Amino acid sequence: MSLETIKTVEDLSLNAWPSHQMQVYDGWLLRFSYFYTHRTNCVEAIGPAQLPLAEKVEYCEEVYRKWGTPCIFKISPLTSPALELFLEERGYEVEHRVDNMVLDLSSVGDAPLPDPALPLVLGDRVDDEWLEGLFALKGTENATHRKVVPSMYAAIPKDEITVKVFDKEGRIAATGLGILDRGYVGVYAIHVREDCRRMGLAERIVQTILREGKKQGASKAYLQVVSDNDPAICLYEKLGFTQEYSCWFRVKETA
């Protein structure tokens, strides 16, 4: 994958998952979300820079110290090697690797899918029911996260595809989310409750998002998956996704 295409996918990812707060500083984007996820609580290089590295990193450390979360830098193929070397020498450790996978939707068929084991409901916007289901599936109990995360989803500036799967008692057993942007559909928030796994629900949710994305004009799909999540990677490869590049995060606890 070319650096130009990687830049496109990284831009799409930023659009698809806004942070609670963001500020721009000399070509860097400082993202803050009370450490809900690494991606939404890190520094990302998004453009050319002018200031010395030492000055910039010290500034970021002070900002995250005030925010009360670790200072995290996202490292991708777009990141300057000099920045990663500087961070390594400063004591930043590698944490939380993710693989970025892409699929050409021309390979996605139009034949009807078999009926799912449990009812699947499509929507076009994240609603309260979907969010409550997501919190339950992830075991999200942190009061601050439960307060700010809905505003993060509400801030997504692109068209959405939501998927909810209900169990026989009417509770949400699985979720999925697609984000449409510039001919791509991003696949997010694939979660299945433990007692409902091995029923093919994750595969059906992803297939549904891909088909709906294609129907709405997307020609490609992308997703990010934690690098050691072998079951998820096997599923995505089965569906035709190929790994194109990896990202990781360098983390230093604030004093």
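Is Lys 74 buried or exposed? I began with this residue in what is a predicted model. Lys 74 is buried, with a relative accessible area of 7%.

**Entry 1. The partner of Lys 74**

I next looked up the contacts of the Lys 74 side chain. It meets the side chain of Glu 10 in a salt bridge, at 2.7 Å from N to O. Glu 10 belongs to helix α1 (residues 3-16) and Lys 74 to strand β4 (residues 71-75), so the pair ties together parts that are 64 residues apart in sequence. I then checked the accessibility of the partner. Glu 10 has a relative accessibility of 5% and counts as buried because the limit for that class is under 20%.

**Entry 2. Other salt bridges**

How many salt bridges does a search of the whole structure find? The search gives 21. I noted some of them.

Lys 164 and Asp 127 form a salt bridge through their side chains, at 3.1 Å from N to O. This pair links distant parts of the chain: Lys 164 sits in strand β7 (residues 159-166), while Asp 127 is in the loop between β6 (120-123) and α4 (128-138), 37 residues apart. Lys 164 is buried, at 8% relative accessible area, whereas Asp 127 is partly exposed, at 31%.

Asp 181 and Arg 182 also form a salt bridge, and their closest N and O atoms are 3.5 Å apart. I recorded Asp 181 as buried, with a relative accessible area of 7%. Arg 182 counts as exposed, at 53% relative accessibility.

I also found a network of salt bridges that links Asp 167, Glu 169, Arg 171, Arg 193 and Asp 195.

**Entry 3. Strand β8 and its neighbours**

Which strands pair with β8? I found β7 on record as an antiparallel partner, over eight bridges. Strand β9 (residues 184-192) also pairs with β8 in the antiparallel sense, over seven bridges. Leu 177 of β8 stands opposite Thr 162, and Leu 177 also stands opposite Tyr 188 in β9.

I then looked at the turns. The hairpin of β7 and β8 has five residues between the strands, and Gly 170 in this hairpin takes a positive phi near 85°. The hairpin of β8 and β9 has two residues between the strands. Arg 182, the salt-bridge partner of Asp 181, lies in that turn and has a positive phi of about 50°.

As for burial, ten of the ten residues of strand β8 (residues 172-181) are buried, so the strand is largely enclosed by the rest of the structure.

**Entry 4. Strand β10**

I followed the strands onward to β10. Four bridges join β9 to β10, and these two strands run parallel. Val 185 has Ala 221 in β10 as its bridge partner. With helix α6 (residues 201-215), β9 and β10 make a right-handed β-α-β unit.

Strand β5 (residues 93-104) pairs with β10 as well, in the antiparallel sense and over seven bridges. There, Asn 100 stands opposite Gln 224 in β10. Five of the seven residues of strand β10 (residues 220-226) are buried, so this strand too is largely enclosed by the rest of the structure.

**Entry 5. The cavities**

How many cavities of 30 Å³ or more does the structure hold? There are two.

The largest cavity holds about 120 Å³ of space. Its lining includes Glu 10 and Lys 74, the pair of my first entry, and also Lys 7, Asp 11 and Glu 44. Helix α1 and β3 (43-45) are the elements that give two or more residues to this lining. The most comes from α1, with four residues. By class, I noted four nonpolar, two polar and five charged residues.

The second largest cavity has a volume of about 40 Å³. Its lining residues are Glu 10, Ser 13, Leu 14, Arg 31, Arg 39, Glu 44 and Lys 74. Helix α1 again gives the most, here with three residues. The classes are one nonpolar, one polar and five charged residues.

Terms used:
Residues numbered from 1 in each chain as written. Predicted model: local features only at pLDDT ≥ 70, side-chain atom pairs only at ≥ 80, totals over all residues. Heavy atoms only, no water. Salt bridge = Lys/Arg side-chain N within 4 Å of Asp/Glu carboxyl O. Buried < 20%, exposed > 50% of the residue type's maximum accessible area, 1.4 Å probe, protein only. Pairing = 2+ DSSP bridges. Right-handed = clockwise from strand over helix to strand, strands pointing away. 1 Å grid on protein atoms, 1.4 Å probe; cavity = no way out; pocket = protein on both sides within 12 Å on 5 of 7 lines; lining within 4 Å. Points joined across faces, edges and corners; volume = space filled by probe spheres on them. Nonpolar A, V, L, I, M, F, W, Y, C, P; charged D, E, K, R; others polar.
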